[in-house]
2 protein chains.
Amino acid sequence: MLVDDKITEYLAKAAAGTAVPGGGSVAALNAALAAGLTEMVANLTVGKKGYEAVEEDMKDLAGQAAQLRSTLTAAIDQDAEAYTEVMAAYKLSKATDEETAARKQKIQEAIKQAALVPLEVARNALAVIDLAGRAIRKGNKNAASDGAVAAMNARTAALAALYNVRINLSSIEDDAFVEELAQEVKVLQNQVAAKENEALAYVQI
Amino acid sequence: MLVDDKITEYLAKAAAGTAVPGGGSVAALNAALAAGLTEMVANLTVGKKGYEAVEEDMKDLAGQAAQLRSTLTAAIDQDAEAYTEVMAAYKLSKATDEETAARKQKIQEAIKQAALVPLEVARNALAVIDLAGRAIRKGNKNAASDGAVAAMNARTAALAALYNVRINLSSIEDDAFVEELAQEVKVLQNQVAAKENEALAYVQI
């Protein structure tokens, strides 16, 4: 599992340019880091003098961010696995017409999955930007800059993940599937910059 | 060492809101990831058909990015250590006038170091944005999006690191030191957005 790698090992694998971790895995790492930093702000607020009024809100926020960190950390490997499945499908035999048809179907199924994983990462990254913005506005002022870093990492995650969805859509032959996902990609893509700006409006970074 | 942590462990520590890793360490991680992704683009270009003309340039770029990855990975812990030193200095005895004076000097020295570490991270993060831009323009077109993610992670790193310099400067009493660093912070801060925009101008992310 990539998430069991030491920080140094993951960075070295990314640098090497081997098949995994690729852009989708790095997108998920960015989003998981963003969720973790959002939790940090909430955890540095709970129990602090002067923040009694937002105590329950911050506990709720920490819980939501922790859930997203868990989901997004899992996606670091899910994206790599989806990519590995695509590569495996391409290697299937096409000695007969039947095998060729079966191989084609496997490839298409694998690429659909490779599009769905980063789409979910993008959705969750946008949810993290919203949580980071709430943490910046209401949480411990001394930790607001960590919320800003969260928003920036989540923006990077969302754009990187949506790019990976688009790349995979270009190889999918199911037009209805492509159209549905392309539509959602467009909607999400249009939200990224605005959401980041909104989160960063309350902090000087 | 934080860099020997598994990805999951580092994220959990960040989320917990304990003293380390703090914002400066996360800034260094962002920059190290950016350097790794820049290397990835260069390594995915070297030896590829159609990119013979930039082969030497990409080898040089990979080498520079590898050096920066190494330096920036070390900074993940150096920032945490500098913060730990500040905390340790604050805990020194002030039972006598002599001890109080010695403690004050130790605190000031430690905070200066805690400002210098993220300043160096910011300088190196800006160097990574330039390398990422070069990788995007000249490198393997299929990996350009990884260069874009590198530029975004380096932008996050630079802004987060410069914020940590500013925070530490506010506690330093050596006016000449503060003025010199504040001046450099201002210069670097003004370059971040422009450099990121320049790098991203050549890729659709």
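Modeller: The expected span of a helix is 1.5 Å times one less than its number of residues, helices being DSSP runs (H or I, at least four residues) numbered from the N terminus. This is a predicted model, in which local features need pLDDT of at least 70 and side-chain atom pairs count only at pLDDT 80 or more. Residues are numbered from 1 along each chain as its sequence is written.

Biologist: How far does helix H3 of chain B reach from its first C-alpha to its last?

Modeller: Helix H3 of chain B covers residues 55–90, which gives 36 residues. The expected value is 52 Å, and the helix comes close to it with 53 Å.

Biologist: At which residue does H3(B) bend?

Modeller: The bend is the angle between axes fitted to the seven residues ending at a position and the seven starting there. For H3(B) this angle is about 30°, at B:Ile76.

Biologist: Which residue forms a salt bridge with A:Lys112?

Modeller: A salt bridge requires a side-chain nitrogen of Lys or Arg within 4 Å of a carboxyl oxygen of Asp or Glu. Here the closest N and O atoms are 2.8 Å apart, and the partner of A:Lys112 is A:Asp174. The pair links helix H4 of chain A to the loop between H5 and H6, 62 residues apart, the loop residue being A:Asp174.

Terms used
Chains are lettered from A and ligands numbered from 1 in the order in which they are written. Side-chain values use heavy atoms; hydrogens and water are left out. Helices (H or I, at least four residues) and strands (E, at least two) are DSSP runs, numbered from the N terminus.
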